[in-house]
Amino acid sequence: MAPSIQKNLVEKNAEYASKFTKGDLALPPAKHYLVLTCMDARIDPAAAFGIDLGDAHVIRNAGASARDAQRSIIISEQLLGTKEIILIKHTGCGMLTFSNEDAHNLVKKNLGPSAAAEIATLDFLPFSNLEDAVREDVEYLKRSATVPDDVTISGWIYEVETGKVRQVV
């Protein structure tokens with residue numbers, strides 16, 4: 001018997017697939033934009049940001065890091081034609097709660113010296129100020145040679161407490 005999470009996936013997918021009618025959507029996003037947001041389970045990008053299936057690429061990672069998402073951003077823009085980046089970090093983000101040293105020490109403690117050695121140069125990209133982190137990631141994207149000058153870039157904060165967004169940049 002499958003574990004309960006996998007069983008739920010199969011059951012919910014069968015329900016979803018029985019009503020699915022959008023198998024003919026084009027590969028590139030119809031509205032030519034991408035949303036970069038955090039992997040936090042309290043964020044439902046489609047519902048919170050009004051994204052219909054096929055409209056946009058949604059890239060998620062810890063902290064909505066532009067550096068961490070760069071490979072996906074390049075693919076989205078260069079291969080699939082997106083022309084706008086909406087970066088959305090959020091209140092209560094776990095990336096505000098630790099330092100690189102904390103993360104490296106935790107890996108060493110929990111996974112041992114081999115794992116610690118494997119990630120010795122990994123930057124977990126934590127941040128201590130939410131608004132500054134939004135500004136810094138937007139500036140990083142604007143300075144990057146991998147993001148064309150005609151791409152529109154904005155930076156936002158999603159409030160997990162209220163469900164509201166506010167623009168920072």
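A charge is taken to sit over a ring if NZ of Lys or CZ of Arg is within 6 Å of the ring centre and within 35 degrees of the ring normal. The model shown is predicted, so that local features need pLDDT of at least 70 and side-chain atom pairs count only at pLDDT 80 or more, while totals for chains, interfaces and linings use all residues. Residues are numbered from 1 along each chain as its sequence is written, and side-chain values use heavy atoms, with hydrogens and water left out.

**View 1. Arg-67 over the ring of Tyr-140.** Arg-67 lies over the face of Tyr-140, at 4.3 Å from the ring centre. Both residues also belong to the contact (heavy atoms within 4.5 Å) between helices α3 and α6, which is made by Ala-66, Arg-67, Gln-70 and Ile-73 of α3 and Asp-137, Tyr-140 and Leu-141 of α6.

**View 2. The aromatic pair of Phe-49 and Tyr-158.** Rings of Phe, Tyr and Trp (its six-membered ring) pair if their centres lie within 6.5 Å, and planes under 30 degrees apart count as stacked, over 60 as edge-to-face and the rest as tilted. With centres 5.7 Å apart and planes at 90 degrees, the rings of Phe-49 and Tyr-158 are therefore edge-to-face. Phe-49 is buried, with a relative accessible area of 17%, and Tyr-158 is buried at 8% (buried means under 20%, exposed over 50%, partly exposed in between, with a 1.4 Å probe and protein chains only).

**View 3. The aromatic pair of Tyr-16 and Phe-20.** The ring centres lie 5.4 Å apart and the planes meet at 40 degrees, so this pair is tilted.

Key. Helices (H or I, at least four residues) and strands (E, at least two) are DSSP runs, numbered from the N terminus.
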